Amino acid sequence: MSSFLRPAVPGQDPLLAPSTNGKDRRAIKKSLTYRPISSHLAITPPVSVVIPAMNEAENLPYVFKTLPEWIHEVVLVDGNSTDDTVRVARELWPDVKVVRQTGKGKGDALIAGFAACTGEIIVMVDADGSADGAEIVSYVSALVSGADFAKGSRFANGGGTDDMTPVRKLGNSVLCTVVNAKFGARYTDLCYGYNAFWRHCLDKIDLDCTGFEVETLMNIRVVKAGLRVQEIPSHEYERIHGLSNLSAVRDGLRVLRVILKEHGKRHGRRRAGLPAVAPRRVAGPGEVS
């Protein structure tokens with residue numbers, strides 16, 4: 001697994017640094033492709049962005065506008081849309097990889113999208129315009145710096161939300177507290193769909209649910225598997241067009257059932273009697289990490 005984060009010198013390929021000899025440089029150049037993120041940073045791991053969408057044609061222009069140009073691929077999972085979701089996606093991103101969802105539910109869509117990814121890093125982004133694609137660099141930076149799973153948080157220092165009712169905030173807080181207590185985590189947010197991870201993590205978390213609770217299941221299983229988690233402050237904006245399929249009560253109960261079911265299982269590091277790994281919090285403005 002390649003994971004390089006290094007300064008990008010204008011006019012110079014970072015892979016041709018003076019510290020390597022000619023033979024080594026040619027070998028590295030042949031096996032790796034660097035992607036400049038800014039004038040100061042470049043990475044080698046290819047990044048795949050998975051976007052589950054159903055009837056989101058009006059929102060996709062806002063979503064794709066914020067995606068960085070350096071990502072490797074966009075995988076759009078179409079949940080049998082009846083509008084122009086697929087056509088709009090192809091107009092906005094000609095190389096978009098479209099996956100037709102055969103099942104139902106967000107979890108089912110994400111599992112299908114993950115299977116279609118070819119990048120080493122996978123980023124989950126919602127199609128309603130609530131996520132800012134410019135934040136992807138923070139997630140990728142956390143991963144290439146040593147994390148296995150970069151977990152977005154609206155309640156970490158520097159995060160925020162414009163799209164949660166008081167009832168949903170309370171429910172999220174209660175469920176987050178339960179997960180922290182039962183699994184030894186220190187999450188500040190639980191039910192949020194903006195996350196990124198190395199593709200190899202999929203072998204360790206073995207996703208098997210179809211609904212909105214998939215995000216909670218991922219958060220629980222990465223801790224149970226002993227993976228290194230880092231929270232990333234993220235701002236959630238309001239859905240731009242259309243109505244959400246989320247039901248606070250129905251989906252809250254499904255999340256609770258997942259928590260209780262997972263707590264009843266013995267798995268990974270917990271089964272071995274080892275402590276779970278708690279997420280590291282990213283320092284906010286004015287703080288020292």
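Among contacts in the protein chain between residues at least 6 apart in sequence, what percentage join residues at least 24 apart? In this predicted model, the share of such contacts that join residues at least 24 apart is 75%. The protein chain contains 10 helices and 13 strands, and of its 289 residues, 49% are buried. The accessible surface of the chain amounts to about 13,900 Å², with carbon and sulfur atoms accounting for 53% of that area.

Helix H5, which spans residues 136-144, is mostly covered, with 7 of its 9 residues buried. The buried positions in H5 are Ile136 together with the run formed by Tyr139, Val140, Ser141, Ala142, Leu143 and Val144. H5 is followed by Gly146, a residue whose phi is positive, near 130°. Helix H8, spanning residues 214-224, is likewise described as mostly covered, and here 11 of its 11 residues are buried. The buried residues of H8 include Val214, Leu217, Met218, Ile220, Val222 and Val223, and Glu215, Arg221 and Lys224 are also among them. Just after H8, Gly226 adopts a positive phi of about 75°.

When the neighbours within four places in sequence are set aside, Glu215 is in contact with Lys106, Met124, Cys191, Tyr192 and Gly193.

A search of the whole structure finds 0 disulfides, a disulfide being taken as a pair of cysteine sulfur atoms within 2.5 Å. For Cys191, the closest cysteine sulfur is that of Cys176, and because the two sulfur atoms are 8.2 Å apart, they are too far from each other for a bond.

Definitions and conventions: Residues numbered from 1 in each chain as written. Predicted model: local features only at pLDDT ≥ 70, side-chain atom pairs only at ≥ 80, totals over all residues. Heavy atoms only, no water. Buried < 20%, exposed > 50% of the residue type's maximum accessible area, 1.4 Å probe, protein only. Helix = DSSP H or I, 4+ residues; strand = E, 2+ residues; numbered from the N terminus. Contact = heavy atoms within 4.5 Å. Areas by Shrake-Rupley, 256 points an atom, 1.4 Å probe, with all protein chains shown as cover.
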